[in-house]
Amino acid sequence: MTRRLGRWAIALGLLIMVVVQLVPFYVALTTSLKPRTDLSSQWLFPTSGLYLANFQTAITDGHILRAIGNSALITVVSTAIICLLGALTAYPLARRTTLGNRVVFSAIVGLIMIPPLSILVPLYSLLNQLGGINTYWGAIVIMVVTQLPLSVFLYAAFMRSLPIAIEEAATVDGASTTQTLFQVVFPMLKPVTATVIILTSVSIWNEYALSVFVLRSPDVRTIAPTISTFVASQGSNLGAAAAAALISVVPVLLAYLVLQRYFIKGMVAGAEK
Amino acid sequence: MKSLWKAAAALTAIGLVLTGCSAGGTGGSGGAAKLEFQTGLATSDPILKTLTTMTQKFESTHKDVSINLVPMTNTYEADMKVRLASSDIPDIWATHGWSLLRYSDFLEPLNKRSWAKNFNPALAPAMENKSGEFFALPADTDVAGIVYNKKVLADAGIDPATLTTWDDFAAAAAKLKTAGVTPISASGKDSWFAGNIADFIASGAVNKSEKAGLIKGDFASGGYTKVLDLVQSWQKAGYFNADFSSATTDDLTRSLAQGKTAFIFVQNYVVASALGFVPDAELGYFPIPSANGKPYLVGGEGHAYGVSKTSKHKDQALEYIDFLAQPDNLGKLASAIGGIPGLTNAKSDLGVLQASYEKFVKPGTFPLDPYFDRVYLPNGMWDTMVTTTSGVVTGQSGVTESVGQVKKQFGTLYGQ
C-alpha cells in the first residue's frame, strides 16, 4: 500500500514538473495563433479559427529560417573547436602540475567569472578593427573564447581522474606523447566530451547578450537576437515573436528525437566502470 | 572515437572555410554603395514598413545605392553607445530624441539642405545648436500630453479640458477609481517608462529660478520634491495599476485601448500600438496640468534620422535623406508615426489624434515645453529619474530619500 502511494506521489511529482516545463510552450502556441486584436486570455486557444499570419511574418519579415541556419552553423563549428582546443589545452594542464601550469589553469578557470558584458566595448572595438562584426567567424571566435574556459576546466578535471598507468603503459610500449594523447587519452574522453558538447552547444544556441551587438545584420543574426527584433521599446509584436520562437524550437526538437539514444548514451557513458 | 574526432576536425575545417568566405558589413565593393540605416524600430513596426516601401522606391531610381534598413531590439540605445565608442558608426541612424545633445558630434549638419527652410520652428529649441545647425531630418514633431481614453472619461462625466490643475486631475482620478477604472497605468518593467512621469510633471513643477539654477549646476530640491510628492500621493490613493512592476508598455496600451485604464503619461506614438489591439478605440491627449501656472504640452524631437559625418557614402546617404524629406514622403512617414510632420510643407493624417491636435495644439494657446531632462539635467540622469520614480510608485522609497538620490547624482554628473 505504502509502495503504491509512493509511486503515485512520484508520478504526481513528475506530472507537475512536465506541466511546469510545458506551460511556456503552451502560452507561446496560444499567443502565436491569435491576431493582435484577439484580446482573449493567453491561456485560451483562439475561438475564431487559427491565425497563421504570425508565422508568415516570422518567416518573411523576421527571417527566422535564415536565423536558424546561422545558429546551426555557428553552434556546430564553435562546439567542435571548443572540444578540440579544450581537450588539447587541458591535457598538459592536467598531467604536468608545475607551478606555471597551476597558475595558467587558475587564470583560465578564473575567466569563467568575468561577465561577458563587462568587456563589451573593448571586445567590440577589437572585433571591429579585425573586420569581424556581422561575420560568422567573428561570432564563432567570441563563442569559442567565452566557452573555452569551462571546457578546459571540465576536460582537465576528467583527465585527472583517468589512471595514469594507462598512459605509462603506452609510453612503455613506445608511444610518443602525441600518440598517447590522440590514440590513448582522447578515446577515453567520450563521456566528458558529451557533457562539453551539451553544455556549450546549448549556451551558444541560446546566446543573446553578445550576439545582439556583434550580429546586427539580418543576414547573419542568430535566433535569439532575431526573435528580439519583434520586441522594441516603442511597440512589440508578441504574436510574431512567439511564432518565431516556436519555429526555432522545431529543429532542436527533431535533432533531439533522432539523436536521443546517443544523448542518453553519452550522458551515462561515464557511469560504466 | 577516432572517426568522431576526424569528423569534428573536418566539420570545423568546412565551417571555417564557409565562414571565412562570408562577411556582412557595409562595404562599398562591387559598384553599388551599401548603406546601413539603423532604424531603431521593431521588425513589424508600421513605420518600418513605410520606410521599406520608400527605400525600395529610392533604390529603383538609384541603382548604385543599396540601403539596408536594420530593425533593432530594445537594446538600441546601448547598441548605439557601443558603436560610437568603437568608431563603428552606421551611415544613417535614428536619433530617438538625441540628435543634438548626444549625437551632433558624429552627425553631418543638415541645415544647408534644400528642404531645411521647411524645418518646423517648434523643433528649434530641441534640435538646433547656437549656430543654427541641426543634425537630423525630423520625420515628426513630437507633441505630447497625457494620453487618455475618451470613452472612459465621457462615461465618468469628465471633460479633459477642465483638468487644468493637479487637484482637478486627482479629483478625476478618484472618480475614475470609484467607477472601477485604473486611473493611471505605468510600467516598471520597461526601464524608461517611470522616468516619463517625472519628466512630464517636472516641466511645470520646477519654477523658472530653479530651472536657471539647474543650468548653472545648482540643484534646488523644491521643484523635484513637488514632482515626487504628487507621484506619492497617487500611489497612496491607489491610482496606479496593480501590475506596475510586471506590465510592459504593450500591456498599458492594450489596457488603455480596452477602456480599463484612463490615463498614461507617454508620447503619442503609443496610440498606434493601442489601435493595433482595439482598432476603433477612442483615444486622445490633453495638456499636462501645471503646479506653477498654465497647463502645457511637452515635446521636441521625435523620430529623426541623421547621417554620419564620417560615412564613406555620405553623398548617397544625404541624397536618400533628401528623398525622405520630399513633402509626400515625409507626410507618409509622419502619418505612420501618427504625428505632426517635422517639415512645414508636409501634411499628415493624425487619425484619432486629429481632434486633440485641433483643440490643444493648433490654436497655439498652450506652451510647448522641451523635455525637462534634455534641457535642465546632465546626460546620464535619466536612469536615476526612472529608478527613483519607480521606487516611489511601488512605495519602496520615500520622497525625501529619492530627491536626495537625484540631487547626489546631479552633482556627480554635472561635475563631469
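In the predicted model, Asn134(A) is placed in the loop that joins helix 5 (120-129) to helix 6 (136-161) of chain A, where helices (H or I, at least four residues) and strands (E, at least two) are DSSP runs numbered from the N terminus. Although not a glycine, Asn134(A) has a positive phi of about 60 degrees. Asn134(A) is buried, with 25 other C-beta atoms within 10 Å; a residue is termed buried if 20 or more other C-beta atoms, placed from the backbone, lie within 10 Å of its own, exposed if 12 or fewer, and partly exposed in between. Most residues other than glycine have a negative phi.

A positive phi, of about 50 degrees, is also found at His63(A), likewise not a glycine. His63(A) belongs to the loop between helix 2 (53-60) and helix 3 (64-95) of chain A, and counts as buried because 20 C-beta neighbours fall inside 10 Å.

Chain B comprises domain 1 (31-142 + 301-355) and domain 2 (143-297 + 358-415), with bounds from an automatic or database domain assignment. To the contact, domain 1 of chain B gives 17 residues and domain 2 of chain B gives 18 residues, contact requiring C-beta atoms, placed from the backbone, within 7 Å. On the side of domain 1 of chain B that touches domain 2 of chain B, helix 4 (124-127), strand 5 (140-144) and helix 14 (354-361) of chain B each supply at least two residues.

Residues are numbered from 1 along each chain as its sequence is written, with chains lettered from A and ligands numbered from 1 in the order in which they are written. As this is a predicted model, local features need pLDDT of at least 70 and side-chain atom pairs count only at pLDDT 80 or more, while totals for chains, interfaces and linings use all residues.

Definitions and conventions: Two residues are in contact if their C-beta atoms, placed from the backbone, lie within 7 Å.
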